[in-house]
Amino acid sequence: MARSLGRLFKGFQSLASFPAMRAQLSHPSVCVSFKTMVALPSPFSSKPRDFSLPNPSWGSEMLRLYEYYNSQCEVETEGGEKQGGPWRRLPSYNRSLKYATGGVYLSKIIQSKARLFTRNIRDPGAAFEYVLFYNKDEQRCVGIFQAGHLLEGPPGHVHGGAIATMIDTVTGSHASLLSGPVMTANLNINYRSPIPLGSTVLTESSMETKDGRKTFISCKVTSTDGSKLHTEATALFLSINVSHLLLGG
């Protein structure tokens, strides 16, 4: 077994030595988010399921908001042609790349068991149901989030850690779109009112400032009509070089 793993590691190191692979890994646009790594090239990649698309567990409010933002991802011109709209839906998958200490990419067997935290429960509607939309011109990101029964904290309401996870997901995805691969450096959250289990809320993030490697994001979680503020937060993200992780630099 040890010899097999050793051969696998050497194979990945050889693969990473190709100039084309190095160029791809060092390019800042190789992934949508460091958390998801959805666009990072992988020799084991196959077409994954996009969890940001509607499924039978989505309630009417979740579907309504999805249709509202999705309808703005493509608009029709006066001449009847279709073109990109102000919003873009971000895909979401359940796998993320896994790394060993020193940046050595692990074997296919180990990687196949890795799951993105918010997508590690396959039962539709049981935990995190969400979809993210991004508006480049306004530098805004919106997450539509429906909380399942496995996210219960206080009786009948969503656990504060689950809310923090969604805030980190939305703001982190937003920061990575603005600055390339990032890591969360600071997340400051103020909880204002509890979120009932099964309800749908909006998580909206806006860029505040960028300073070198630092990207500052503000965020709020509200009821879908905006009448109730559930949570507000600020976040700091630091840009990272993914090639250093992958190639052990």
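User: What makes strand β4 count as mostly covered?

Analyst: This is a predicted model, and in it 8 of the 8 residues of β4 (residues 128-135) are buried. Buried means under 20% relative accessible area, so each of those residues falls below that cut-off.

User: Which residues sit on each side of β4?

Analyst: On one side you have Phe128, Tyr130, Leu132 and Tyr134, and on the other Glu129, Val131, Phe133 and Asn135. Both faces are covered. As for the every-other-residue pattern, side chains in a regular strand alternate between the two faces of the sheet.

User: How do you know that β4 pairs with β3 and with β5?

Analyst: Count the bridges. Two strands pair if there are at least two bridges between them. β3 and β4 are joined by 4 bridges, and β4 and β5 (residues 140-147) by 8, so both cases meet the cut-off. Both pairs run antiparallel. If you want to find them in the structure, Trp87 has Asn135 in β4 as its bridge partner, while Tyr134 is partnered by Cys141 in β5.

User: What lies between β4 and β5?

Analyst: There are 4 residues between them, and the two strands form a hairpin. Gln139, in the turn, has a positive phi of about 50°.

User: Why is the contact between Arg140 and Glu138 called a salt bridge?

Analyst: Look at the distance: the closest N and O atoms are 2.7 Å apart. The cut-off is a side-chain nitrogen of Lys or Arg within 4 Å of a carboxyl oxygen of Asp or Glu, so this pair qualifies. Arg140, at 22% relative accessibility, counts as partly exposed, and so does Glu138, at 46%.

User: What makes Arg140 and Glu204 a salt bridge, and which parts does the pair tie together?

Analyst: Their N to O distance is 3.0 Å, and the limit is 4 Å, so they pass too. Arg140 lies in β5 and Glu204 in β7 (residues 200-211), so the pair ties together parts that are 64 residues apart in sequence. Glu138, Arg140 and Glu204 are linked in a network of salt bridges.

User: Is Glu204 called buried or exposed, and why?

Analyst: Buried. Glu204 has 18% relative accessibility, and the cut-off for buried is under 20%, so Glu204 falls on the buried side.

User: How many salt bridges does the structure hold, and what about Glu232 and Arg192?

Analyst: The structure holds 5. Glu232 and Arg192 form one, at 2.5 Å from N to O. Glu232 lies in strand β9 (residues 229-239) and Arg192 in the loop between β6 and β7, so this pair ties together parts that are 40 residues apart in sequence. Glu232 is partly exposed, with a relative accessible area of 28%.

User: Why is Asn186 called partly exposed?

Analyst: Asn186 has a relative accessible area of 41%. Buried is under 20% and exposed is over 50%, so 41% lands in between. Asn186 is in strand β6 (residues 182-191). Asn186 and Leu238 are 52 residues apart in sequence and 9.3 Å apart in space, C-alpha to C-alpha.

Methods: Residues numbered from 1 in each chain as written. Predicted model: local features only at pLDDT ≥ 70, side-chain atom pairs only at ≥ 80, totals over all residues. Heavy atoms only, no water. Buried < 20%, exposed > 50% of the residue type's maximum accessible area, 1.4 Å probe, protein only.
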